[in-house]
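Here are my notebook entries from a first look around a new structure. Come along and check each one against the view.

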Amino acid sequence: MNILNNISLKANNTFGIDCKVKNFVSIRNEKDIKVLYKSDITLNSKSIILGEGSNVLFVGDFDGLVIHNEIKGYNIIESNNDFIIIEAGAGEKWHDFVSLSINNGYSGLENLALIPGTVGSAAIQNIGAYGVEQNEFIDSVYGFNIEKHIFQRIYKINCNYGYRDSIFKNELKDKFIISSVRYTLSKSPVVNYNYKDIINLFKEFNITNPTPIDIFKAVISIRNEKLPDWRQLGNSGSFFKNPIVSKKVIVDIKSKFPDIPVFPQTNNLFKLSAAWMIEQTGWKGFRVGDAGVYEKHALILVNHGNASGESIFQLSMDIRKSVKLKFNVELEPEVLIISN
Ligand code: NAP
């Protein structure tokens, strides 16, 4: 295991922020994790675990240890006529895993095509898109408990999954390194497409009975059209979560903004579109220096070249303030903000 010192993280975060980290190490298997946690370096510095760095904003240099999860590989754990349980290394790219599943006829993950990041970060963040969340298909998460110094399997029921939330962002935050994740996928097609963009695309191409592959291709085409490729324009996907609010808030907000989109949830709660509110406050396409809001999607903050983490963070705070002022709604970042 090779520990690098004082290197730039520009290539390790999809925002493309050029910040420095004191120590950097890659882990490629479970043995690497054990060796790492027997060494002094983990005792003497704070650490964070990065996959593709697709959901983080470094506000400045990081005076600690970055552990880069590069654990790869796939295993079939169980397979019958109806379903398959596949185990994927936490460092596998999420989209590669989705493509492999779809190309082998296993359905479920097609709505989650082209989401940046790794399998491990998908399980932490409980990624979701087009009405599907990854936890619907998860069996269990395996990894190293840093406090107990043991490998553990955590079954889905104990992962406490919620909207972009899990035990790995709460009780086990910075205490667990995911090495692999098991998913149960169906061998018979199960499709879910109630989002306007997908429905419109199928209408345009006269697809009346879409297959999982049709959904997979539609999501790729829509995302390519609507969302910036971080290799060309640094970004971290949706910067904010969609607020989930009570009926009382909805009644109040609807009286002032009758056109605001509202999506009913369970438990008498309602989802608001963060993108819509940001657009209504005039931020879409805004740019200050190299920090900006994407011109085609108000939920995505972008780095036009050499923005600092601090400037993107400041922009996010300004957006939060004006949404609060206009709608009296608090926006919460979906992206993990990292500062010393
Ligand atoms: P959109 O279709 O323009 O809709 C705007 C918002 O309204 C979305 O955030 C979505 O919530 C909600 N919405 C729309 N139709 C809905 C329905 N039928 N049922 C429930 N909620 C509905 O969305 P978009 O911005 O182009 O994004 C499309 C999908 O990709 C969304 O699911 C979004 O979350 C996902 N996405 C994820 C990321 C990421 O980085 N994680 C980035 C971009 C887009 P939800 O967001 O809760 O679905």
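**Entry 1: a word I needed first.** I call a residue buried when its relative accessible area is under 20%, and exposed when that value is over 50%. I also note that this is a predicted model.

**Entry 2: Leu-65.** I found Leu-65 in strand E5, which runs over residues 62–69. Then I looked up what surrounds Leu-65. Leaving aside neighbours within four places in sequence, its contacts include Asn-23, Phe-24 and Val-25. Ile-41 and Thr-42 are also among them, as are Ser-45, Lys-46, Ser-47 and Ile-48. I also checked Leu-65 against Ser-339: the two are 274 residues apart in sequence, but their C-alpha atoms are 13 Å apart in space.

**Entry 3: stepping back to the whole chain.** I counted 9 helices and 20 strands in the protein chain. How does its radius of gyration fit a compact globule? For 340 residues such a globule would be near 20 Å, and the chain has 20 Å, so the two agree. Along the principal axes, I noted a C-alpha trace spanning about 60 × 55 × 40 Å. Of the 340 residues, 50% count as buried. I also took down the accessible surface, about 16,400 Å², with 50% of it belonging to carbon and sulfur atoms.

**Entry 4: contacts and charges.** I looked at contacts between residues at least 6 apart in sequence, and 62% of these join residues at least 24 apart. For charge, I noted 38 positive and 36 negative side chains. The centres of those two sets lie 3 Å apart.

**Entry 5: domains.** The domain assignment gives me domain 1 (3–69), domain 2 (74–186) and domain 3 (234–338). I looked up domain 2 and domain 3 as a pair, and their C-alpha centres are separated by 27 Å. Their contact takes 5 residues from domain 2 and 5 residues from domain 3.

**Entry 6: Ile-278.** My next stop was helix H8, residues 274–280, where Ile-278 is found. Is Ile-278 buried or exposed? It counts as buried, because its relative accessibility is 0%. Not counting residues up to four places away in sequence, Ile-278 touches Phe-240, Trp-283, Lys-284, Ala-298, Leu-299, Ile-319, Val-323 and Leu-331. I also looked at Asn-111, which is 167 residues from Ile-278 along the chain, with 25 Å between their C-alpha atoms.

**Entry 7: Lys-321.** Lys-321 and Leu-331 are 10 residues apart along the chain, and 8.8 Å separate their C-alpha atoms. Lys-321 has 58% relative accessibility, so I wrote it down as exposed.

**Entry 8: two positive phi values.** Which residues other than glycine did I note with a positive phi? One is Asn-328, with phi near 55°. Asn-328 is in the loop between H9 and strand E20 (336–338). Its relative accessible area is 52%, so Asn-328 is exposed. Another is Arg-164, with phi near 50°. I found Arg-164 in the loop between strand E11 (150–155) and strand E12 (176–186). With a relative accessible area of 12%, Arg-164 is buried.

Note on methods:
Residues numbered from 1 in each chain as written. Predicted model: local features only at pLDDT ≥ 70, side-chain atom pairs only at ≥ 80, totals over all residues. Heavy atoms only, no water. Helix = DSSP H or I, 4+ residues; strand = E, 2+ residues; numbered from the N terminus. Rg over C-alpha atoms; globule rule 2.2 N^0.38 Å. Buried < 20%, exposed > 50% of the residue type's maximum accessible area, 1.4 Å probe, protein only. Contact = heavy atoms within 4.5 Å. Areas by Shrake-Rupley, 256 points an atom, 1.4 Å probe, with all protein chains shown as cover. Lys, Arg positive; Asp, Glu negative; His and termini not counted. Charge placed at Lys NZ, Arg CZ, Asp CG, Glu CD. Domains from an automatic or database assignment.
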